[in-house]
Amino acid sequence: MPGAFTRTDDPGHNRTPAEKLLEAWPQIDVHMLARQLTEGAETTISFKPGLHFSVKAKAGFLDINGQQIRVGWHASLPLRTFECPRCGKPKYKLSCVNGAWWCARCHGLSHTSRHRWRGAGERGRRARIEWLRRRIGADSRPGAPSPAGSLRNLRKLRLAIELRDLELGYAAHNREKVSNVVEKRLDDRRRRQSRKRGDPS
Ligand SMILES: [Zn+2]
């Protein structure tokens, strides 16, 4: 949603209401629960005093306080995934808003850090990309592939995924700038041609 947030150099600045932030709600991570996903296992997850969820692992799904959430596998990586009960897409994380465990997209939630990088501008994004590349031991050239080792280490895999998303966003951002320039040139050319033809402007 470009334009929904004021561009600012203050990385901490954001205008998103607190209830739309991911951090405001309990969240489960399939990797965090992976050890407990063996059928028949039961556990309780606590988020803060008085906020607990009982989790029972059944065949192919988790029962969380009575809500059934299907669990599957990533299409190409040896990673477990949840199936969002609303959109049916594979997700690593689900958030509980008003009793429903859905993905962030279905709840319309966004991540504080996403807003932070959105506001950080081009220099901030580039700095984050460079930092991520160093952390996972990747070549510093933009777009260079992540080393295979980093995909086996879960923490590094997350960083690699963040890097990929940032670089995709970065590429899209720059394409946008490029296409805007091209469109403006076409507009100018059209305007000149119509002026030549004597069309009304
Ligand atoms: Zn969803």
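Guide: Start with what Leu 33 touches: leaving aside residues up to four places away in sequence, its contacts are Ile 28 and Val 55. Keep in mind that you're looking at a predicted model. Leu 33 itself sits in helix α1, which covers residues 30–33. Is Leu 33 buried or exposed? It counts as buried because 20 C-beta neighbours lie inside 10 Å, and 20 is the number a residue needs to be called buried. For context, buried residues make up 14% of the 201 residues in the chain.

Another pair to look at is Leu 33 and Arg 80. They're 47 residues apart in sequence, yet in space their C-alpha atoms are 9.5 Å apart. Across the chain, if you take contacts with a separation of 6 or more, 41% of them link residues 24 or more positions apart.

Now step back to the strand β1, residues 27–29. As a reminder, strands of a sheet pair through backbone hydrogen bonds, either parallel or antiparallel.

Follow the pairing on and you get an open sheet of 3 strands, ordered β1-β8-β9, with antiparallel pairing. Strands β1 and β9 are the edges, each pairing on one side only. Ignoring direction, neighbouring strands in this sheet are turned by 25° against each other on average.

Where does that sit in the whole chain? There are 5 helices and 9 strands in total, and along the sequence they come as β-α-β-β-β-β-β-β-β-β-α-α-α-α.

Strand β9, residues 100–102, has the highest confidence at 95, whereas helix α4, residues 148–152, has the lowest with a mean of 64. Also watch residues 1–14: the pLDDT there is below 50, and this stretch has 20 contacts in the model beyond near neighbours in sequence.

Terms used:
Residues are numbered from 1 along each chain as its sequence is written. This is a predicted model: local features need pLDDT of at least 70, side-chain atom pairs count only at pLDDT 80 or more; totals for chains, interfaces and linings use all residues. Helices (H or I, at least four residues) and strands (E, at least two) are DSSP runs, numbered from the N terminus. A residue is buried if 20 or more other C-beta atoms lie within 10 Å of its own, exposed if 12 or fewer, and partly exposed in between; C-beta atoms are placed from the backbone. Two residues are in contact if their C-beta atoms, placed from the backbone, lie within 7 Å. pLDDT is the predictor's confidence in each residue, from 0 to 100. Two strands pair if DSSP finds at least two bridges between them. Axes are lines fitted to C-alpha atoms, for helices over the stretch in contact, and angles run from 0 to 180 degrees between N-to-C directions.
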